[in-house]
Amino acid sequence: MSSSYDEKIMYTCPMHPEVQQDAPGSCPICGMNLEPQKPLLEQDTLEYRSMKRKFWIGLILAIPVLFLPLSQLLQFILTTPIVLWCGFPFFQKGWLSLVHRSLNMFSLIALGVGSSYLYSTVAILFPGLFPASFRENGGLPLYFDTSAAITVLILLGQVIELKSKGKTSEAIRTLLGRSAKNARIVVDDKESEVSIEQVKVGDILRVKPGERIPVDGVVVKGSSFVDESMITGEPTPVEKKAKDPVTGGTINQTGSFLMEAKRVGSETLLARIIQMVSEAQRSKAPIQKLADVISSYFVPAVLIVAIITYIVWVWLGPEPRYAFALLNAVAVLIVACPCALGLATPMSIMVGVGRGAGMGILIKNATSLEQLEKVNALMIDKTGTLTEGKPQITHITCVSDWQESDLLQVAAALEKNSEHPLALAIVQGASKRNLNIPEVEQFHSITGSGVSGIVESKKALLGKQKLLEENRIDGMANLISQAKKAEEEAETVVFVAVDGKAIGFIAVSDPIKPSTPNAIEDLHKLGLKVIMLTGDNPFTANAVAKKINIDEVHAGIDPKDKNRLVQQLKSEKQIVAMAGDGINDAPALAAADVGIAMGTGTDVAMESAEVTLVKGDLTGIVHAIALSKATMRNIKQNLFFAFVYNILSVPIAAGILYPFFGLLLHPIIASAAMSCSSVCVILNALRLKKVTIEAGR
């Protein structure tokens with residue numbers, strides 16, 4: 001999962017994703033270092049090491065300037081490399097901001113440090129240029145200590161910021177570290193170890209106890225228990241046997257097995273998760289627009305305030321007026337750097353998205369994360385979400401001239417081409433009874449209703465009551481009355497007809513997941529209305545809804561009806577989340593304000609929805625919404641702090657307290673305050689890594 005510049009990785013700004021280029025550099029809008037779009041294991045080490053080296057060199061040179069009685073010339077000699085070499089990145093980014101006409105925090109830093117250094121340099125080299133009003137006790141005041149201290153303090157702030165920012169991308173690095181580096185390929189019963197890049201689809205691989213599974217695939221021989229916590233968030237190992245899917249990066253526990261590689265390289269679930277999380281962390285939430293708008297006006301406003309501060313102090317200030325004017329103008333420029341404002345949203349998004357990935361919640365972009373907080377109506381499918389999704393035959397009812405086994409043979413023949421949970425239950429039921437399943441001809445699937453075909457030269461039809469009635473099947477009346485009793489017990493009924501006559505029905509029960517009742521209760525605590533959508537008949541649907549306290553039920557609907565229901569709720573000014581499998585439900589997922597794809601194991605429909613739950617469990621929706629609320633609360637805290645900091649700091653730096661208390665904000669203190677504000681925002685964002693994610697929090 002590493003890369004180089006030769007691979008033409010695109011680099012982008014985390015605060016301004018529209019800025020992209022094929023080499024590292026700085027953002028022309030905000031001045032931040034560009035980050036690679038493809039996640040790299042050591043992507044921020046180089047910038048951090050460079051900044052730390054400049055800081056330590058600057059600190060060593062600054063100590064004598066600040067604390068020893070040096071001559072003016074020696075102060076100049078020591079301060080020059082601090083400002084011009086250690087602080088060069090700030091001047092470079094400040095100059096680019098002027099070239100691109102996009103003033104930012106580095107514009108203010110460059111002006112503040114540059115003006116104090118330039119004034120002091122001219123004062124020591126050409127003192128005769130200054131009038132008497134500049135002089136203090138017969139000499140010109142110098143500010144080499146100020147420019148040196150500001151540079152070092154800002155470098156320190158950048159070092160701490162980069163170190164802290166590195167922690168926000170720990171989720172990506174953790175996922176990158178979980179990918180296997182090698183694999184054992186088995187050819188003609190001989191094993192050979194190769195790098196993971198050499199594995200191809202179709203290769204047979206051996207996985208031994210304690211090893212990471214190299215790629216996505218299917219077990220072909222042997223069995224074991226696999227720790228899948230990295231993708232599902234569930235600590236309990238899952239049993240794997242022949243034909244079961246396994247996911248690259250998960251850890252094999254006890255047994256040894258052979259597997260066939262099905263997805264390799266960038267197609268594996270782990271690689272797709274890493275890419276998805278990386279893209280989401282770089283995306284911009286709508287709330288960021290507020291900070292962007294304020295920042296676009298804020299920097300020019302600060303420059304105006306700094307100029308006014310200088311003029312007012314020259315006009316009304318005590319002697320030496322020009323010295324006071326310069327110091328206070330520089331303090332305004334430094335203290336008002338809007339870095340905290342710029343970091344407030346992206347830092348929280350990075351941590352929140354990373355936290356979600358660790359919980360098996362994959363969020364496509366920051367907009368989805370923000371929108372989740374506002375959701376007040378949740379539409380969910382019954383099968384596989386509220387229930388286990390593994391239904392079993394409860395009983396079979398036949399007309400007098402048919403046997404259960406004969407009806408089941410016909411039904412299994414029709415259903416063996418389908419992957420619907422009900423179809424699998426019927427086919428498995430026939431297999432358990434050791435029935436011979438005949439071939440089907442002219443097979444046809446009627447979406448959301450049933451299937452038809454020719455079985456042993458007879459025209460067979462299987463499906464809902466409505467489908468058989470539409471096809472004018474005889475003998476339905478008596479069966480319908482018997483089926484209602486099963487439906488009232490939350491059992492799903494499918495009718496079977498042969499040559500135009502009903503021959504009976506199969507009752508199937510899909511157990512409610514143990515976690516579902518508590519999850520519904522938690523969703524209610526979060527203020528959501530829970531709406532169940534199902535193709536089942538109203539009797540079965542209402543029986544399930546009553547057991548688990550569902551607010552509203554829509555039964556007997558086709559997949560296309562779900563899209564209509566989503567649009568209807570949205571027209572009622574509801575913020576709608578739709579949870580489905582991401583395939584048949586794609587139109588409804590796209591229409592919803594937030595589409596949630598319910599996945600299990602490697603069967604994840606990442607492209608169909610804004611949020612994907614790797615483990616198809618309703619509890620995941622609770623956690624996703626609670627995570628969104630916690631993240632948005634964190635962002636609002638950051639923005640509030642950044643706004644309040646800037647609103648209070650600028651007038652103090654300008655000297656508003658001086659007439660009343662004789663207090664001034666020295667530029668050195670201003671630079672320390674500015675750095676602290678950025679670090680505080682990042683540290684608050686990092687709290688998301690530890691905050692409890694549950695209903696009501």
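In helix α17, the buried residues are M476, L479, I480, A483, A486 and E487. Keep in mind that you're looking at a predicted model. Let's start with that helix, then move on to α10 and the cysteines.

**Helix α17**
- This helix runs over residues 476-488, and its 13 residues should span 18 Å at 1.5 Å a residue. The end C-alpha atoms sit 18 Å apart, so the model agrees with that estimate.
- Just after α17 ends, A490 takes a positive phi of about 65°.

**Helix α10**
- Helix α10 covers residues 321-335, which makes 15 residues. From its first C-alpha to its last it reaches 21 Å, close to the 21 Å expected at 1.5 Å a residue.
- Is α10 mostly covered or mostly open? It's mostly covered, with 12 of its 15 residues buried.
- Among the buried ones are A323, N328 and the run from A329 through V335.

**Cysteines**
- How many disulfides does the structure hold? It holds 0.
- Take C680, which is in no disulfide: the nearest cysteine sulfur belongs to C676 and is 6.1 Å away.
- C680 is partly exposed, with a relative accessible area of 39%.
- C398 is partly exposed too, with a relative accessible area of 22%.

Note on methods. Residues numbered from 1 in each chain as written. Predicted model: local features only at pLDDT ≥ 70, side-chain atom pairs only at ≥ 80, totals over all residues. Heavy atoms only, no water. Helix = DSSP H or I, 4+ residues; strand = E, 2+ residues; numbered from the N terminus. Expected span 1.5 Å × (residues − 1). Buried < 20%, exposed > 50% of the residue type's maximum accessible area, 1.4 Å probe, protein only. Disulfide = S-S within 2.5 Å.
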